[in-house]
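Work through the exercises below with the structure open. Each task is followed by a solution in steps.

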Amino acid sequence: MKNELILLPSVTYAMKAKSILDQYHIRSYIQRTPKNTGVKSCGYCLFVPGNADEAEKLLRKKGIRVLGRANREEL
């Protein structure tokens, strides 16, 4: 899997993003952002196993600000 972490600007955005993905039956999990992502964020991200590309596209379409992506295994 590639880039399955979606980095978000705040914990509020992480909760909103998870709620949106739940509505579209896309599995996701809020988790602490690993420190070595190189992106300054609130410290929370979404782990989206398998559907991260689709999830990111949907979140951006719904107005969720995405800071970037990271690969969980490489961190």
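**Exercise 1.** Which strands does H2 lie across, and at about what angle does H2 run to S1?

Solution. The model is a predicted one. H2 lies across S1, S3 and S4. Relative to S1, H2 runs at about 25°.

**Exercise 2.** List the elements of the chain in order from the N terminus.

Solution. Start with the inventory: the chain contains two helices and four strands. Reading from the N terminus, these elements follow the pattern β-α-β-β-α-β.

**Exercise 3.** Work out the order of the strands in the sheet from their pairings.

Solution. Step one: strand S1, residues 5–7, pairs with strand S3, residues 44–47, in the antiparallel sense over three bridges. Within this pair, Leu-5 has Phe-47 of S3 as its bridge partner.

Step two: strand S2, residues 29–32, also pairs with S3 in the antiparallel sense, over four bridges. Here Ile-30 is bridged to Leu-46 of S3.

Step three: the four strands form an open sheet with the order S2-S3-S1-S4 and antiparallel pairing. S2 and S4 (68–70) are the edge strands, each pairing on one side only. On average, neighbouring strands of this sheet are turned by 35° against each other, direction ignored.

**Exercise 4.** Describe how H1 and H2 are placed relative to each other.

Solution. Two quantities are needed, since two packed helices are described by the angle between their axes and the distance between the axes. The axes of H1 and H2 come within 10 Å of each other and cross at roughly 110°. Angles of 65 to 115 degrees count as roughly perpendicular, and H1 and H2 are therefore roughly perpendicular to each other. The crossing in which H1 passes H2 is right-handed. On the H1 side the contact is made by Ala-17, Ile-20 and Leu-21; on the H2 side it is made by Ala-55, Leu-58 and Leu-59.

**Exercise 5.** Which residues have the most contacts inside the largest nonpolar core, and how many residues does this core have?

Solution. The largest nonpolar core has 15 residues. Those with the most contacts inside it are Ile-6, Leu-8, Leu-21, Leu-46, Val-48 and Leu-59. Helix H1 (11–23) and helix H2 (52–61) are the elements that give two or more residues to this core. Another core, of five residues, lies apart from it, and includes Leu-5, Leu-7, Cys-45 and Ala-70.

**Exercise 6.** Is Ala-14 buried or exposed, and with which residues beyond its sequence neighbours is Ala-14 in contact?

Solution. Locate the residue: Ala-14 lies in helix H1. Its relative accessible area is 0%, so Ala-14 is buried; the cut-off for buried is under 20%. Setting aside neighbours within four places in sequence, Ala-14 is in contact with Leu-8, Ile-30, Tyr-44 and Leu-46.

**Exercise 7.** What percentage of the residues in the chain is buried, and what percentage of the contacts between residues at least 6 apart in sequence joins residues at least 24 apart?

Solution. Of the 75 residues in the chain, 40% are buried. Among the contacts between residues at least 6 apart in sequence, 70% join residues at least 24 apart.

Terms used: Residues are numbered from 1 along each chain as its sequence is written. This is a predicted model: local features need pLDDT of at least 70, side-chain atom pairs count only at pLDDT 80 or more; totals for chains, interfaces and linings use all residues. Side-chain values use heavy atoms; hydrogens and water are left out. Two strands pair if DSSP finds at least two bridges between them. A nonpolar core is a set of buried Ala, Val, Leu, Ile, Met, Phe, Trp, Tyr and Cys residues joined through side-chain atoms within 4.5 Å. Buried means under 20% relative accessible area, exposed over 50%, partly exposed in between (1.4 Å probe, protein chains only). Axes are lines fitted to C-alpha atoms, for helices over the stretch in contact, and angles run from 0 to 180 degrees between N-to-C directions. Angles under 35 degrees count as roughly parallel, over 145 as roughly antiparallel, 65 to 115 as roughly perpendicular and the rest as oblique. A crossing is left-handed if the near helix is turned anticlockwise from the far one by less than a right angle, and right-handed if clockwise. Contact means heavy atoms within 4.5 Å.
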